[in-house]
Amino acid sequence: MNTLWERFALGEVSLFKIEDVSPSRITLFQLRKKIVPKNNLIFTSTHVRAQELCVANMSTGIVTPSGYPCKTETDLTADDFVFSGLGLTGNTSNIINAAVTPAFVAQYPGVNGLGVSAARLDLAPGGVVPMHTHPGATELLYVVHGHITAGFISSANKVYYKTLKKGDIMVFPQGLLHFQINAAGRRPSLAIVTFTAPSPGLQILDFALFANDLPSSLLEKSTFLDDAQVKKLKGVLGGTG
């Protein structure tokens, strides 16, 4: 007798849709309808949006893993789907000479539940976005003007980097360490970045290590840095301990 997988390959299994627990999701179950004994299934799931829009109702203060509650559709206007903040130059007067202006769900409620967001990246001369990760999203960077050296490190510790010019794009896979450095000399550089989530998350490696209260003795053991180096970096980045 053919196995269940073989019967599936022979077309003895059909597809139909059922509502998942979440009202905004549909799960596709693959189930043999006639021959498979009761309780024997072949199934897989894929998430498909059942709602075409869900502008975040930020006033509730409620947020769940699937996003914010929706505003009532009758209350929506075109302004709910427009964000003008990326037209303004960010303030790069800081330790990294860089500024990121986000258009995430917190600033742009119209992207709630849509799996997309954006940001503006301003890099002054000498500007750098240090090694960082976005745990919740893949990033795509588009250079508007200037030159930006950007790259990421794979989980196999292979480095991929390149100096990008106006019109170039580069992708940074979800969760991998990556960076951007202004390579335009004395001129500023500008990029627009997009993400595959309305709230991609951010963790900057330098700040994660040295802007906290983890005891210096533990950092020295885990980073192989000496006491003077650790204390210097904690002092620069505002850490204690």
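Two strands pair if DSSP finds at least two bridges between them, and strands here are DSSP runs of E with at least two residues, numbered from the N terminus. The views below come from a predicted model, in which local features need pLDDT of at least 70, side-chain atom pairs count only at pLDDT 80 or more, and totals for chains, interfaces and linings use all residues. Residues are numbered from 1 along each chain as its sequence is written, and side-chain values use heavy atoms, with hydrogens and water left out.

**View A. Strand β7 meets β12.** Here β7 and β12 (residues 189-195) run antiparallel, joined by 6 bridges. Look for His-145, which stands opposite Leu-190 in β12.

**View B. Strand β7 meets β10.** Over 4 bridges, β7 (residues 139-145) pairs with β10 (residues 169-172) in the antiparallel sense. Glu-139 faces Phe-172 of β10, and Leu-140 has Val-171 as its bridge partner.

**View C. The two faces of β10.** In a regular strand the side chains alternate between the two faces of the sheet. Along β10, Met-170 and Phe-172 point to one face and are buried (under 20% relative accessible area, 1.4 Å probe, protein chains only).

**View D. Asn-182 and its neighbours.** Asn-182 belongs to strand β11 (residues 178-182) and is buried, with a relative accessible area of 8%. Its side chain makes a polar contact of 2.7 Å with that of Ser-189 (N or O atoms within 3.5 Å, one able to donate a hydrogen and the other to accept it; residues adjacent in sequence count only if both atoms are side-chain atoms). The Asn-182 side chain also reaches the backbone oxygen of Ala-124 at 2.9 Å.

Terms used
Buried means under 20% relative accessible area, exposed over 50%, partly exposed in between (1.4 Å probe, protein chains only).
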